[in-house]
Amino acid sequence: MNATKKYYNSLSDYYIGLFGEKVYKLALTASTTCPNRDGKIGNNGCIFCSTVGSGDFASNGALSVKEQILEAKQLIKNKKTNNYIAYFQSYTNTYGNLSQLNSIFNEAVCHPEIAGLSIATRPDCLEAEVLELLSSLNFKKKLWVELGLQTMHQTTADFIRRGYTLDVFEAAVNDLTNLNIDVVVHLIIGLPGESRKMLLETIEYLSNLPVSGVKLQLLHVLKNTDLEKYYSLHPEFLLSLEEYCELVVDCVERLSPSIVIHRLTGDGPKNLLVAPLWSTNKKIVLNTINKKFSERNTYQGKLWNVCP
Ligand code: SF4
């Protein structure tokens, strides 16, 4: 492998293009819950979701946004920047009292060191008044709304208990893009029952939608989830490092080049991670992905927009 060869642009490059300098994400919390956990849609959540609502690195929700920003900055104090993206990741960040959401997001957006906002949510939690709030934020600072699709296939969606159908997702993408809000879609690679063909169908499907970014996430089996119980009975669905990296390159090659790839793998919280344990060594994962790129005959010198 040619160690100096570059197969994709980094997300850092993408941010520099947007903001003119490096920016880093600060994981904050809006202290919301999720309709797939509080009984509105379901009580047990998606089968892979940890008890903190897939926000394992978020700040303490008991603090004000300003205090959370201070705390989160301390975690990355070695990074040289005064510009950050406020990232609301855990649970469903547009599901809650509207005036509280308004106050939390506006405190973040008005903070002088916050260059943009990234808000993760479900596509079935974007009512008209929420869209109005998001649109107003988007006028103040750059906004990304992240939607957890995971797969286009209803059979898998039922298995993971996602709790909404594809037409709901498409309506949300249209509503957001009509407001000029960038949509980033989360996909999971390695879901039980999902073949390579099914994964690539999801990639092709996304490539034909007006989404601006995608996060490719390795399926992590976390402690105290229903996926952990399933894994104890069916460990064979887990991908090896080689299999995962092959699939990542398959996806990147097929994804529309206009879609920025914000993530290639994923950081499972080490204290909760049951499997696959090879994923804790991010350097090996990224090196293996690069090796796969270098082995492809299809590689034509094109650079994909990817965040390692
Ligand atoms: S929608 Fe998100 S927060 Fe809710 S259960 Fe699923 S993964 Fe967890």
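Two notes on conventions. Residue numbers start from 1 along each chain, as its sequence is written. Because the model is predicted, local features need pLDDT of at least 70 and side-chain atom pairs count only at pLDDT 80 or more, while totals for chains, interfaces and linings use all residues.

Strands here are DSSP runs of E, at least two residues; helices are runs of H or I, at least four; both are numbered from the N terminus. Two strands pair if DSSP finds at least two bridges between them.

Now one pair. Strand 5, residues 142-150, and strand 6, residues 182-189, are joined in the parallel sense over six bridges. Leu147 sits opposite Val185 in strand 6. Axes are lines fitted to C-alpha atoms, for helices over the stretch in contact; angles run from 0 to 180 degrees between N-to-C directions. Contact means C-beta atoms, placed from the backbone, within 7 Å.

Next, two helices. Helix 3 (residues 98-109) and helix 4 (residues 128-140) pack at about 10 degrees, axes 11 Å apart. They are therefore roughly parallel to each other; the cut-off for that word is under 35 degrees. Helix 3 contributes Leu98, Leu101, Asn102, Phe105 and Val109 to the contact. Helix 4 contributes Glu129, Leu133, Leu137 and Lys140.

Helix 9, residues 241-254, has 14 residues. First C-alpha to last, helix 9 reaches 20 Å, close to the 20 Å expected at 1.5 Å a residue. The expected span is 1.5 Å times one less than the number of residues. The buried residues of helix 9 include Tyr244, Leu247 and Cys251. Buried means 20 or more other C-beta atoms within 10 Å of a residue's own, exposed 12 or fewer, partly exposed in between.

Last, Gly163. Where does Gly163 lie? In the loop between helix 5 (154-160) and helix 6. Gly163 is partly exposed, with 19 other C-beta atoms within 10 Å. Beyond its neighbours within four places in sequence, Gly163 is in contact with Asn36, Ile41 and Gly42. Gly163 and Ile41 are 122 residues apart along the chain, yet their C-alpha atoms are separated by 6.6 Å.

Notes: Angles under 35 degrees count as roughly parallel, over 145 as roughly antiparallel, 65 to 115 as roughly perpendicular and the rest as oblique. Two residues are in contact if their C-beta atoms, placed from the backbone, lie within 7 Å.
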